[in-house]
Amino acid sequence: MRFSTSLILIKLLVIQYLSVLCVSQDFDFFYFVQQWPGAYCDTKHTCCYPKSGKPSADFGIHGLWPNYKDGSYPSNCDPDSVFDKSEISELMSNLEKNWPSLSCPSSNGFRFWSHEWEKHGTCSESELDQKDYFEAALKLKQKVNLLQILKTAGIVPDDGMYSLESIKEAIKEGAGYTPGIECNKDSAGNSQLYQVYLCVDTSGQDIIECPVLPKGRCASDVQFAKF
């Protein structure tokens, strides 16, 4: 009888531990990250246009990344949930346009999307399945037209220099929330606008104020590269 009781207690402890483990794999918010192709290509590293051709001169999606409020993030949460292109067949033309890959060698985007799903998307499966994950990112891009927001503020991709604060203020004014800005350097060493981070609630639908902003390592004045 004692043995049976002990066995039941052990099972209960294991169930409790697993439930805590599952909760710990949840997340607090998403970073919705868009990148400027001019800055991606204008570095010491090369870029390659997708097989579908040169993307339009617009911000492209980099990813929708689950994050914790302490600044850390989960990754590769479900090795059994592999990328399945049949799940996103209806979204293909939209993804090619709005989520293009610029890495080399030139590709059709599947490698990039597969990486984003397996590293980041699998950590949001409690909220979004594979199709919903990519669809959510596409809808967010439609909701926030970064290029138009910046153009309205007189900030255009003409290789000109703009103050970092003016870029942040323009996006805050247009999107309603404070963005995180990440910069990289061109071949001449100029700091340039590279990626814009906006925070999204765990449903993947609504933009929110960021609990924590990424450190972007930008100069006070940054270049908005042509593309």
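## The enclosed cavity

Gln-35, Pro-37, Pro-55, Ser-56, Asp-58, Phe-59, Gly-60, Ile-61, Lys-97, Asn-98, Pro-100 and Leu-102 line the largest cavity of this predicted model. On a 1 Å grid over the protein atoms alone, a cavity is a set of points where a 1.4 Å probe fits but cannot get out, and lining residues have an atom within 4 Å of a point. The volume of this cavity is about 80 Å³, a volume being the space filled by probe spheres set on grid points that are joined across faces, edges and corners.

By class, its lining has 6 nonpolar, 4 polar and 2 charged residues; here Ala, Val, Leu, Ile, Met, Phe, Trp, Tyr, Cys and Pro count as nonpolar, Asp, Glu, Lys and Arg as charged, and the others, Gly among them, as polar. S2 and H3 each supply at least two residues of that lining.

## Basis of the model

The model is predicted, with local features needing pLDDT of at least 70 and side-chain atom pairs counting only at pLDDT 80 or more, while totals for chains, interfaces and linings use all residues. Residues are numbered from 1 along each chain as its sequence is written, and side-chain values use heavy atoms, with hydrogens and water left out.

## The annotated site

An unreviewed UniProt entry lists His-62, Glu-116 and His-120 under "active site", although such annotations may be inferred rather than shown by experiment. These residues span 59 residues in sequence, yet no two of their C-alpha atoms are more than 11.2 Å apart, so they gather at one spot.

His-62 is found in strand S2, residues 60–67, and is buried at 16% relative accessible area, where buried means under 20% with a 1.4 Å probe and protein chains only. Glu-116, in helix H4 (residues 110–119), is also buried, at 1% relative accessibility. Among the contacts of His-62 beyond four places in sequence are Trp-99, Phe-112 and Glu-116, contact meaning heavy atoms within 4.5 Å. The side chain of Glu-116 also makes a polar contact with the side chain of Trp-65 at 2.8 Å.

## The open pocket

The largest pocket holds about 240 Å³ of space, a pocket being an open set of points with protein on both sides within 12 Å along at least five of seven lines. It is lined by 15 residues, of which Asn-94, Asn-98, Leu-138, Lys-141 and Gln-142 lie nearest its centre. H5 gives the most to this lining, with 4 residues.

Definitions and conventions:
Buried means under 20% relative accessible area, exposed over 50%, partly exposed in between (1.4 Å probe, protein chains only). A polar contact is a pair of N or O atoms within 3.5 Å; within protein, one must be able to donate a hydrogen and the other to accept it, and residues adjacent in sequence count only if both atoms are side-chain atoms.
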